[in-house]
Amino acid sequence: MFAQDSRDGSAVVTSGVADLMTSLAVIFILLLVAYMTRVEGGNADPAKSRGTPTDITPRRDPIHPPLEATRPNIHTITVPDTAINFEFGKSTLLPAADTFLSEAMPHHASLICTPGEQEVEAFVIEGYTDDLGDDIRNLRLSQERSFAVLAKSLEVIREKLPWAYECFLQKATANGRGKQNLLRNDAGQPDRDKSRRVIFKIHMRPT
């Protein structure tokens, strides 16, 4: 009887240990699956898994604010080729252009540099060519021409409106645009005469 009871007790213990080991194995597998699921979820969306203060705290300023909110008002003055003209293929101003700039630039400088309700942020001189010739050469030529206009303008202002010279020097820039923004006729073809032009852009500081 004693031997029989010992065998029965051993069987019960062995069975209990087996059940315990099986339960531990199941728990281990469940934990492993849960861990793998969490890791995969973190790899799929690192921002959610890590979490940073910016996830819950709104930013005061957007990273990329709308352009409309930061761009100043721009007033454009297009000067035709007949008023500011150059030697063919060069950046040398012709006498008619010298006369025009001598008369017009003191007026523009006075408007730009006189304190007012809305301050002028920049005065940009842009030069354009037609679509004939090499693009790179046209770009270089337009830059040289716009700079020639700026240099002549500074010369005129220093002579006729000296109090505005430093102000105009700080705010004026010259940009060459080559054949960009070609003007076209009613048939949709490039209008070369009108495309060769100089544009003054007055940038007003946002209020």
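A salt bridge is a side-chain nitrogen of Lys or Arg within 4 Å of a carboxyl oxygen of Asp or Glu. This structure holds seven of them. It is a predicted model, where local features need pLDDT of at least 70 and side-chain atom pairs count only at pLDDT 80 or more, while totals for chains, interfaces and linings use all residues. Residues are numbered from 1 along each chain as its sequence is written, and side-chain values use heavy atoms, leaving out hydrogens and water.

**Salt bridges across the chain**

- Lys171 pairs with Glu119 in a salt bridge, with 3.8 Å between the closest N and O atoms.
- This pair links distant parts of the chain, 52 residues apart: Lys171 is in helix α7 (residues 165-171), and Glu119 is in the loop between α5 (95-113) and β2 (120-128). Helices (H or I, at least four residues) and strands (E, at least two) are DSSP runs, numbered from the N terminus.
- Lys171 counts as buried, at 15% relative accessibility. Glu119 counts as partly exposed, at 41%. Buried means under 20% relative accessible area, exposed means over 50%, and partly exposed lies in between (1.4 Å probe, protein chains only).
- Lys179 and Asp135 form another salt bridge, with the closest N and O atoms 3.2 Å apart.
- Lys179 sits in the loop between β3 (172-176) and α8 (192-195) and Asp135 in helix α6 (residues 135-160), so their bridge ties together parts 44 residues apart in sequence.
- Lys179 is partly exposed at 33% relative accessibility. Asp135 is partly exposed too, with a relative accessible area of 44%.

**Other salt bridges**

- Glu87 and Lys90 join their side chains in a salt bridge (3.7 Å, N to O).
- Glu87 is partly exposed, with a relative accessible area of 31%. Lys90 is partly exposed at 46%.
- A network of salt bridges links Glu126, Arg177 and Lys201.

**The largest nonpolar core**

- A nonpolar core is a set of buried Ala, Val, Leu, Ile, Met, Phe, Trp, Tyr and Cys residues joined through side-chain atoms within 4.5 Å.
- The largest such core has 29 residues, and Ile84, Leu93, Phe123, Val149, Ile157, Phe168 and Phe200 touch the most other members.
- At least two core residues come from each of α5, β2, α6, α7, β3 and β4 (197-204). The biggest contribution is from α5, with six residues.
- Val149 touches Ile84, Phe86, Leu93, Leu101, Ile125, Val198 and Phe200, leaving aside residues up to four places away in sequence. Contact here means heavy atoms within 4.5 Å.
- In soluble globular proteins, nonpolar side chains tend to be buried together.
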